[in-house]
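Hi,

Please find the structure you were expecting below. My notes follow it.

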Amino acid sequence: MITARYGGRLAAIGATAMLTAAVFVLPAKAQTDAKAVIKTYSDIALAKYEDSLITAEALDKAVDALLAKPSAETLNAARDAWKASRVPYQQTEVYRFGNAIVDDWEGKVNSWPLDEGLIDYVAKSYGTESDANALYTANVIANKSIEINGKKVDATNLTPEFLSGTLQEAGGIESNVATGYHAIEFLLWGQDLHGTGPGAGERPYTDYDLANCTGGNCDRRAQYLKSASDLLVSDLKNMVDDWKEGGAARRNLVDGEQNAAISIIFTGMGSLSYGELAGERMKLGLLLHDPEEEHDCFSDNTYNSHLYDAIGIRDAYHGSYTRLDGTVVEGPSVADMVKQAHPAIDKELSAKLDVTIAKMEDIKARVLAGEAYDQQIGEGNAEGNANVQAAIDALVDQTKSIERAVGTLKLNAIAFEGSDSLDSPDKVFQ
């Protein structure tokens, strides 16, 4: 059985196909120092989380401007800041798998999909109840008291502490996502009611205008948005600290066995590539032709998030990252190790990583030409479906080469994350 974790949520899935990575044992003839590779990997993690923090702080300022003077301009500026914040953050996702500190934390900032009726008003098409979630339409913005597990809870103050400590995964339900990028995304865009047709969420700026309020409870909506934005900044600060010298995440790698630390790099690459990105984030939505399964479903920014996930995988292999300010953080990498052990396989994997990014760029090109990601996965869109499938195929193919890369180093097999969407697609429809 392969264990699959996606969007900050953990589920055991039976998979018919198991892809394997491995634990690294440094050959005596290798010249690249494993300790130096671990340092590069950690330095890049720090740089990426620092850039994520910088863009989250810019988003927080844009939220302040929106709430101070609601207008179409300030709302669009906040939306642009949100999209910009996704660029460095998505490149960090390769650090989730294998790094327990990151994976345990990730649910606070990037859980999805979410039952948005927990947070705010929703369209009638959303429905009024769910057998799986008693808080499906709790609408905490409209209600100062809600019931969680049969107990009344005071929701008068929508503080960061209330969102993170009480509302996040309330009732033990993982789809009760109250914090992070996607809660903020929903509050900036609202629901995307266009299905697989053109158009993203269309929340009006007047949802935050206290003098001309639409949607009701504009003061509470503003408090929720500000609390969620502040929380995002705080959570990213914590992760930056974890990757600094002496930080817990870095220390786990530096002070642990080098074999295990090197294996984590490959585990992150393979698990994100196969089970998470190719499977849960792309193939599932394509199989179901369901825009609710796209990662950034309110904003139609999914194409960009997928692209930067793929770039993050390539960065981890080559040990190189270009920061927001244009500076490059780089050093000895697992690519150097593979190249020394088997140059042809390094060339093969490097080429496939480039192919995947090219396929993601093809998806982006269609978006820029006017066809959003949710339109590309729509039923009956043969060309769009094929475009997305080509990127999925490239991710699966590169994962096979990741296996080969670690295999050349005479490694003991470990499992990458799997996905029913790839391994047992019939189960998706059961």
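**What the model shows**

The accessible surface of the protein chain comes to about 16900 Å², and carbon and sulfur atoms make up 50% of that area. Areas come from the Shrake-Rupley method with a 1.4 Å probe; for residues, only the protein chains shown count as cover.

Some ground rules. This is a predicted model: local features need pLDDT of at least 70, side-chain atom pairs count only at pLDDT 80 or more, and totals for chains, interfaces and linings use all residues. Residues are numbered from 1 along each chain as its sequence is written, and side-chain values use heavy atoms, without hydrogens or water.

Now the overall build. The chain holds 15 helices and 8 strands (DSSP runs numbered from the N terminus: helices are H or I, at least four residues; strands are E, at least two). Its C-alpha trace spans about 70 × 50 × 45 Å along the principal axes. Of its 430 residues, 57% count as buried (under 20% relative accessible area; exposed is over 50%, partly exposed in between; 1.4 Å probe, protein chains only).

Asn385 sits in helix 13, residues 382-407. Its relative accessibility is 16%, so Asn385 counts as buried. Leaving out residues up to four places away in sequence, Asn385 touches Leu286, His289, Gln376, Ile377 and Gly378 (contact means heavy atoms within 4.5 Å). A polar atom of the Asn385 side chain lies 3.1 Å from the backbone oxygen of Gly378. Arg86 is 299 residues from Asn385 in sequence and 24 Å away in space, C-alpha to C-alpha.

Best wishes

Technical notes. A polar contact is a pair of N or O atoms within 3.5 Å; within protein, one must be able to donate a hydrogen and the other to accept it, and residues adjacent in sequence count only if both atoms are side-chain atoms.
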